[in-house]
Amino acid sequence: MTYRHIVLFFSFLCFTFSAVAQQDGKSRITGKTTDAQTGLPLGYATVALYSKPDSAFADGAIAGDDGAFSLSAKPGLYFAKIEFLAYNPFYLSDIKVPEGSGTPVTLGDIGLQPGSALLDEVEVRADKSTMQLALDKKIFNVGKDLANAGGNAADILGNIPSVSVDVDGAVSLRGTNNVKILIDGKPSGLVSFKGADGLRQLPGNLIDRVEVITNASARYEAEGNGGIINIILKKERTQGLNGSFDLITGNPANFGGSANVNYRKNHLNFFLNYGLNYRDSRGDGSVYQEVYTADTTFIYRQTNERKNPQYNNNIRGGLDYFFNDKNILTASYTWRHSNSKRLSELAYYDYLFSTDNPTGISTRSQDEKEIEPNSEYSLNYKKMFGREGHELVAEVRYLDNWEDSDQYFTESTFLPDHTPSGQPDQLQHSYNFETEKQLLFQLDYVKPFGKEGKFETGLRSNFRDMTNDYLVEQFADDAWQPLTGLNNNFVYNENIHAAYGILGNKINRFSYQLGLRGEWTDVTTTLKQTNEVNPRNYVNLFPSTHFTYDLPGQNAVQASYSRRVRRPQYRDLSPFFTYTDNRNFFSGNPDLEPEFTDSYELGHIKYMDNASMSSTLYYRHTTGKIERIREVDDQGNSVTLPKNLSTENAFGAEFTGAYSPYKWWKVDGNVNFFRAITDGGNLGESFKSDTYSWFARLTSRITFWKNTDLQLRGNYDAKAQTTQGYRKPRWFLDLAISKDILQNNGTITLNVSDVFNTRRYQSVSKGDNFYTENDFQWRARQINLTFSYRLHQQKRKSDKKQGEGEDF
């Protein structure tokens with residue numbers, strides 16, 4: 001589809017929506033939702049308007065990014081209820097719409113209080129919503145999900161609807177693994193070397209919430225065809241000393257603790273997060289493979305077991321300085337340190353023609369030590385001007401990371417009857433040293449205009465340098481000798497410069513947002529020993545459009561479009577990962593090109609008194625699709641590396657909802673149906689697939705017996721075709737129970753992840769000369785017991801009565 005077609009399509013939508021956005025004789029009621037303590041806007045709060053005295057529903061709205069909302073009503077007397085994730089509901093009474101068509105009513109800033117409070121001296125238990133739905137994003141309060149207690153960031157992402165984490169820790173959203181992962185809205189060194197697998201170093205109790213954005217505007221960097229996952233870390237700005245503390249124990253071994261503390265007095269706010277964790281992750285797997293030559297069939301079976309004991313230290317500290325209520329300076333420093341050991345045992349059983357004809361056995365052991373320090377520095381300045389929403393934000397961020405891996409391998413051979421073959425053991429050594437330095441500058445400016453209009457613009461420059469000095473050697477003739485092709489120094493230099501502009505406005509119930517982002521990419525990869533240099537330099541434009549129409553009865557619909565890119569990253573290009581399995585080698589591809597995606601969505605959201613529901617139809621057209629392709633030689637050795645395929649067309653429908661039939665029972669669920677047509681004809685006719693698949697998740701939570709919660713979650717992923725085969729279906733069940741103690745200042749949570757130990761990744765891949773079955777489990781059933789204590793975050797008492805400007 002060309003840009004001309006895109007413009008015509010959305011011009012038609014704009015005309016259609018505008019045609020129905022007629023004046024209906026009602027008056028417009030406007031306001032802005034904010035945090036009562038900090039004054040910062042609360043985007044995506046829900047506002048419901050009711051008539052008096054019959055309490056009949058009159059209108060509803062969802063606040064925008066800046067907290068602004070707009071309602072409409074006929075002349076009369078009303079009251080409003082405002083709700084937001086992790087805040088007390090807020091009631092405004094005696095809202096009077098005067099006679100006279102179109103007379104506007106301004107409610108001003110409406111401050112919501114965090115936590116819980118009392119009404120008429122009756123205690124109300126604080127209850128954060130697990131999920132907050134909006135048209136362009138979904139927000140998940142991970143602390144309220146009992147299944148997350150004691151887990152890490154990767155575990156938490158695996159518990160979020162439409163998100164899955166595979167055996168290698170790779171994260172996918174709606175079936176695509178090209179997802180951009182941010183921490184506090186910015187890139188992090190955690191995902192630099194290992195991709196999403198690095199998230200296992202971040203304790204989950206340091207995380208406040210996760211935002212999932214499937215069709216991002218031009219405000220966000222264009223990276224991430226499948227969408228953006230933004231992990232927000234805990235940070236308080238409440239006056240005085242406040243904090244929360246966690247202790248964790250689990251089986252298999254999972255021991256740790258964390259603290260989240262802030263102290264604010266007058267113009268200064270200090271915050272500190274610290275997490276210490278020891279975890280021994282264990283997994284196992286198997287491979288069955290047939291390799292076909294002209295007159296012979298070679299077969300081998302592989303079994304593997306691994307242990308990964310790991311110590312993780314995370315500390316993040318900083319301060320906010322409030323020059324006044326319009327100027328804030330924030331400085332922070334993050335230090336993470338991971339010290340791990342990987343122990344694996346692989347066994348290969350070789351056969352000729354059938355498993356009734358064994359030819360030999362070999363075993364391979366791995367002993368790896370790995371150290372990974374990670375430092376991040378950030379300085380942020382925010383200036384708010386006289387008009388609400390008029391602001392300037394500037395930030396500079398610096399990342400300095402390195403990883404040192406030292407591995408020894410021992411391979412022994414045996415006869416089919418398991419007796420030693422008489423051949424000496426083969427000794428190998430792998431050394432891998434990786435570094436990253438990244439400097440980021442970003443400037444964002446927002447200028448409101450008219451009654452509802454807003455113009456946004458910004459600049460961003462990112463400078464990133466990474467290296468991978470690797471060597472694999474084998475002990476022979478009484479000396480260590482490098483293996484051919486496995487001794488080099490890979491250098492990755494990336495500079496990306498961007499500018500964007502967004503224009504948005506609202507006309508009655510219709511709002512629009514038009515954006516354009518330009519990015520200049522300059523990437524050079526170098527293999528120093530062999531003097532192979534591969535420069536890339538290109539400029540791209542990334543338009544985005546969002547059209548929203550607010551329907552009566554707290555309904556809204558949105559049509560959106562964005563163009564996205566997946567640039568080959570460090571792991572996609574680096575020619576060396578690991579030599580753990582010398583029969584199955586994984587690497588990057590220095591010749592990989594970027595893939596581009598045009599993404600379209602049509603969404604609907606509905607809020608009710610005790611339920612919410614969102615539905616989305618989506619379509620993605622991708623060119624240069626990047627997928628990992630497996631090739632097997634005549635000896636049965638495989639190489640898996642990413643390659644560009646011609647195209648992929650993906651269609652889908654997603655439904656997400658939450659329902660509370662009773663005060664003590666809450667249910668939420670998600671189901672996603674999709675079809676993906678992949679054309680890899682540029683690599684050969686066999687690299688094509690057409691799959692229909694779906695996945696679903698259902699969570700049920702009940703409260704009983706003195707603030708005790710019980711949660712049960714079921715997950716199912718259906719079978720799906722891949723470019724070279726298919727992934728088998730899988731299901732698993734999670735169970736958790738928690739109880740508030742110590743006058744509700746403490747909570748004990750017991751959870752069991754994967755109760756029946758069925759969470760395994762099973763797949764089949766086929767090629768012209770091979771057939772392979774894989775079965776892996778990267779995380780066995782985990783049992784965790786967590787104790788949480790909240791300091792000065794207990795429920796507050798209030799004798800305020802319902803009325804304008806009062807909360808309850």
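Glu411 and Arg364 form a salt bridge, with their closest N and O atoms 3.0 Å apart. Glu411 lies in strand S23 (residues 391–414) and Arg364 in strand S22 (residues 354–384), so the pair ties together parts that are 47 residues apart in sequence. This is a predicted model.

Side chains of opposite charge can pair when their charged atoms come close. The structure holds 35 salt bridges. One of them joins the side chains of Glu452 and Arg28, at 2.6 Å from N to O. That pair links distant parts of the chain, 424 residues apart. Glu452 sits in the loop between strand S24 (426–449) and strand S25 (453–476). Arg28 belongs to strand S1 (residues 27–35).

Now turn to Arg566. Its salt-bridge partner is Asp572, and their closest N and O atoms are 3.4 Å apart. Arg566 counts as buried at 12% relative accessibility. Asp572 counts as buried at 8%. Elsewhere, salt bridges with shared partners join Glu223, Arg517, Glu519 and Arg567 into one network.

The surface has a nonpolar patch as well. Its residues include Phe704, Trp705, Leu710, Ile737 and Leu785. Together, the patch residues have about 820 Å² of accessible area. Strands S38 (708–717), S41 (730–741), S42 (746–753) and S45 (782–791) each give two or more residues to the patch. Trp705 lies in the loop between strand S37 (688–704) and S38. Is Trp705 buried or exposed? Its relative accessibility is 58%, so Trp705 counts as exposed.

Technical notes
Residues are numbered from 1 along each chain as its sequence is written. This is a predicted model: local features need pLDDT of at least 70, side-chain atom pairs count only at pLDDT 80 or more; totals for chains, interfaces and linings use all residues. Side-chain values use heavy atoms; hydrogens and water are left out. Patches are made of residues with over 30% relative accessible area and no salt bridge: like charges are joined within 9 Å, nonpolar side chains (Val, Leu, Ile, Met, Phe, Trp, Tyr) within 5 Å. Accessible areas come from the Shrake-Rupley method with a 1.4 Å probe; for residues, only the protein chains shown count as cover. A salt bridge is a side-chain nitrogen of Lys or Arg within 4 Å of a carboxyl oxygen of Asp or Glu. Helices (H or I, at least four residues) and strands (E, at least two) are DSSP runs, numbered from the N terminus. Buried means under 20% relative accessible area, exposed over 50%, partly exposed in between (1.4 Å probe, protein chains only).
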